[in-house]
Amino acid sequence: GMFRKNEDLTPSQRCLAVRRMPSLLEYLSYNCNFMGILAGPLCSYKDYITFIEGRSYQLQQSEANGKEDTKYEQTDPSPNIAVAQKLLICGLSLLFHMTITKTLPVEYNIDDNFRATASWPVRFFYLYVSLMAARPKYYFAWTLADAINNAAGFGFRGYDKNGVTRWDLISNLRIQQIEFSTSFKMFLDNWNIQTALWLKRVCYERATFSPTIQTFILSAIWHGVYPGYYLTFLTGVLMTLAARAIRNNIRHYFVESPAVKVCYDIITWMATQIAISYTVVPFVLLSVKPSFTFYSSCYFCLHIASILVLLIFPLKRTQKGSKKHETVQPVWSKTLEEENLLQKNSYSTTNNSFSEKQEITCRYQTLKQ
């Protein structure tokens with residue numbers, strides 16, 4: 001934000017650019033604030049300092065009647081409802097983890113007797129339910145961390161078209177989209193959202209070759225040193241590329257008829273859940289030997305299937321930063337006129353007027369999606 005020209009930045013980089021060198025107090029506050037010191041979630045410095053300076057409720061919104069550039073009179077919206085809802089989710093997730101999860105251990109997938117006696121449908125069904133039962137502990141931790149930030153007043157994104165407050169600025173997951181995802185990408189876009197955005201900004205959008213592979217490797221390194229992490233993310237590369245190839249080449253044949261699309265969605269949901277479960281088993285088992293025991297017991301079937309898909313179907317080159325791949329990113333303005341119009345609306349408490357105008361534009365476009 002201080003060493004590159006504004007026109008050289010991507011829209012997301014312009015939105016997150018830091019235009020003034022933070023003071024030591026601001027820097028330490030951002031890195032060590034009590035709200036996210038234990039479990040996050042990750043937030044950008046720009047969003048954090050906007051909240052600390054009390055400017056997060058003064059951004060332009062869009063009214064329910066379609067009128068734009070109108071500021072809501074209400075300030076300091078209450079997070080109580082959002083916090084209560086998230087604490088309820090935490091309680092249910094913890095209850096599920098303390099009861100159901102213990103009865104469905106992931107390790108049972110490599111039990112000798114189970115592998116020898118269970119049929120393939122039973123094995124894949126248990127694979128799915130055991131990995132589904134392993135997720136509530138993440139739901140609990142991330143939702144609790146989000147609720148803590150909301151309780152402090154951080155995480156307010158603005159108002160939707162009906163004037164309802166949105167407290168999902170730094171939310172880390174969307175449970176419904178995770179459990180009902182119909183593609184590998186949809187699952188990843190709704191799981192550990194803030195870390196995925198960070199990986200996209202620092203690696204995927206900057207990589208000069210094989211951005212998907214580089215991003216998955218960086219993610220594995222970021223998670224830690226357990227071999228299971230690397231097995232999971234290397235498998236994830238194959239699954240992601242294969243899923244992308246299938247979607248690009250055959251999906252358009254099944255979306256014309258509503259009835260056919262419903263069948264297609266059911267099949268892709270089942271395939272996605274099995275693929276995700278198959279991929280993340282090493283992430284849970286952590287070690288090499290049990291992970292290879294599991295994959296060898298399945299004859300590396302999905303690895304082989306993914307390779308065959310990549311050999312059969314052409315993989316279209318993706319345009320990094322294009323609108324179609326910004327499912328968890330704001331929808332940015334396409335016209336300079338609209339951006340200039342929004343930049344005319346400024347508000348008080350101006351440390352840097354240019355930065356605040358850019359912030360209004362970016363936040364406003366986020367709400368328009």
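Axes here are lines fitted to C-alpha atoms, for helices over the stretch in contact, and the angles between N-to-C directions run from 0 to 180 degrees. This is a predicted model, in which local features need pLDDT of at least 70, side-chain atom pairs count only at pLDDT 80 or more, and totals for chains, interfaces and linings use all residues. Residues are numbered from 1 along each chain as its sequence is written, and side-chain values use heavy atoms, with hydrogens and water left out.

The axes of α13 and α14 come within 8 Å and cross at roughly 155 degrees. That makes α13 roughly antiparallel to α14; angles over 145 degrees count as roughly antiparallel, under 35 as roughly parallel, 65 to 115 as roughly perpendicular and the rest as oblique. On the α13 side, Tyr 278, Thr 279, Val 281, Pro 282 and Leu 285 meet Pro 290, Ser 291, Phe 294 and Tyr 295 of α14, where contact means heavy atoms within 4.5 Å. These residues divide into seven nonpolar, two polar and no charged. Ala, Val, Leu, Ile, Met, Phe, Trp, Tyr, Cys and Pro count as nonpolar, Asp, Glu, Lys and Arg as charged, and the others, Gly among them, as polar.

The protein as a whole has 17 helices and two strands. Helices (H or I, at least four residues) and strands (E, at least two) are DSSP runs, numbered from the N terminus. Buried residues make up 44% of the 369 residues; buried means under 20% relative accessible area, exposed over 50% and partly exposed in between, with a 1.4 Å probe and protein chains only. Of the contacts with a separation of 6 or more, 65% are between residues 24 or more positions apart.

Helix α6 covers residues 120-134. Its 15 residues reach 21 Å from the first C-alpha to the last, close to the 21 Å expected at 1.5 Å a residue, a span found as 1.5 Å times one less than the number of residues. Among the buried residues of α6 are Arg 123, Tyr 126 and Leu 127. The buried residues of α6 pack against α4, α5, α7, α13 and α14.

A second pair of helices is α10 (residues 193-204) and α11 (residues 211-223), which pack at an angle of about 125 degrees with their axes 10 Å apart. They are therefore oblique to each other, and their crossing is right-handed. The residues of this contact divide into eight nonpolar, five polar and no charged. One of the residues of α11 is Thr 212, which counts as buried at 9% relative accessibility. Leaving aside neighbours within four places in sequence, Thr 212 is in contact with Tyr 204, Thr 240, Leu 241 and Arg 244.

The loops hold some backbone exceptions. Most residues other than glycine have a negative phi, and most peptide bonds are trans. Ser 210, in the loop between α10 and α11, has a positive phi near 45 degrees and is partly exposed, with a relative accessible area of 35%. Phe 300, in the loop between α14 and α15, has a positive phi of about 50 degrees. A cis peptide bond, with omega about 0 degrees, joins Gly 40 and Pro 41, and Pro 41 is found in the loop between α2 and α3.

Notes:
A crossing is left-handed if the near helix is turned anticlockwise from the far one by less than a right angle, and right-handed if clockwise.
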